[in-house]
Amino acid sequence: MAEQVSITINGIQFQAAKGSLLIDKLLDEKIHIPHFCYHQALGKDGNCRMCMVEIEGQKRPQIACDTPIKDGMIIKTKGAKIEKVRKDILELELINHPIDCPTCDQAGECKLQDYYMESGFYASRVNPSYKNLANKRVDLGSNVMLDQERCVLCLRCVRFCKDITKTGELGVISRTDHSVIGTFPGRPLDNPYAMNVVDLCPVGALTSKDFRFKQRVWFLQSFEAICNGCSKACNINVDHRKEKYKDDIIYRFRPRTNKSVNGWFMCDEGRVSYSKEQENRLEVALINKSETTISNAIINIFKELSTKQNILMLLDPNLSYEEMANTKALSEKLNIKLSGYSPNTIDETFADDWLKKADRSANRASFKELKINEDEAFFKTSLEKADLVIIVNNSYFENNLELLEGKTTISLLTHNCMLVASSNIVVPLASFYEKSGTYINCDGIRQKVVSKMDKNSPMPTITTIIEDIKTMIEKGNI
């Protein structure tokens, strides 16, 4: 463990690791420090000079991103002198910046905009007609659009492609105040994590073609969730909006920082999966292909459980820990064979050595903790004997519908699929972002999420369905 030393920031004493970067301490303690080029995932670069601080004993201000902490340091991040230095630096950044905040997707999330408003100078000393012009709409590839005029040359995007993905598609073109970001000839931005440069960009230079001009960010609400794309279970923010007389719509997933799971990033496939989650949703309950109420469908499930002896229930490894535990308790009470068999969620072509895992489910580790059987032999033996099969959002039978012939089938699903036409009873379910629960990822890390869309969802969760069935069991004496 690094030696701890005492430092003073704005008159308050703190303990910090000797030799660590001052800016990390400021950020960890949520002490406001303007910065463009520094990012905790990318390390120091020292080119924007915005993170200037006063350090007692130093002749001139120092950049916090390249200042190692020493015992007894006395630092000021506020005050007329240091704020004047930052203001002068900011004015240089703004000299060639276009005045297009009203049409910029980054408005409301832009650090340049925030620092400008903090600085208090609202009159430009530069004639707009003398500004250097550059390309306003450059398609870099991988869903990323570049506006070269808005770029402050922090180089976060360049360093991400060079140091993190190691694909090196981006670089700086030209010199001095004509410098712009661009791709190398014949090398479009093309890697599985390319859209992370949009999050890294502190201004509106890099925007997502998927989100571009869809919503103003100040209209959006956000809540935390877990990506269901693979067993890494990356932490995400779900940005959504419910307009008057309209459904609640998700507009984007963004990575949420968790240093022990996904760090600051997520893969592009997980990022754009929000659209797949919202499309083709199952919204009605069915009994023998006729539309009915969810309550009536649950009553009919109870009747089937009352009359059938050999029952198999197949679970999806994307269910929450609580849903799995409640389902297991019900299966033990009613002597139901419970299986987590799901080889269809394993995709070796998807995996890499960073965040993408071959297991395309978010919570398989909960099967193991709850001792839910995933063995193929157990599944096939139970299926052969079963006269009632209950499928809980598991997609295995979509390509094996013939295995359900001659059996009563109940499907609890989030989305329409081929199982709907092959099932006797169908009940719609809440999607993963519409419910709260616990997930255990491939590294054994347990994560609890609380959805803010659960109250708005008309679809039940597995837990609510089981609670209804338990109530009927107590009254019906199965």
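Which residues in α2 meet L112, Y115, Y116 and S119 in α3? In this predicted model, where local features need pLDDT of at least 70, side-chain atom pairs count only at pLDDT 80 or more, and totals for chains, interfaces and linings use all residues, the residues on the α2 side are K87, L90, E93 and L94, with contact meaning heavy atoms within 4.5 Å. Residues are numbered from 1 along each chain as its sequence is written, and side-chain values use heavy atoms, leaving out hydrogens and water. The residues of this contact comprise five nonpolar, one polar and two charged.

Helices (H or I, at least four residues) and strands (E, at least two) are DSSP runs, numbered from the N terminus. The axes of helix α2 (residues 80-94) and helix α3 (residues 111-119) come within 11 Å and cross at roughly 130°; axes are lines fitted to C-alpha atoms, for helices over the stretch in contact, and angles run from 0 to 180 degrees between N-to-C directions.

Strands β14 (residues 285-287) and β20 (residues 425-428) run antiparallel and are joined by two bridges, and I287 has I425 in β20 as its bridge partner.

How values were computed: Ala, Val, Leu, Ile, Met, Phe, Trp, Tyr, Cys and Pro count as nonpolar, Asp, Glu, Lys and Arg as charged, and the others, Gly among them, as polar. Two strands pair if DSSP finds at least two bridges between them.
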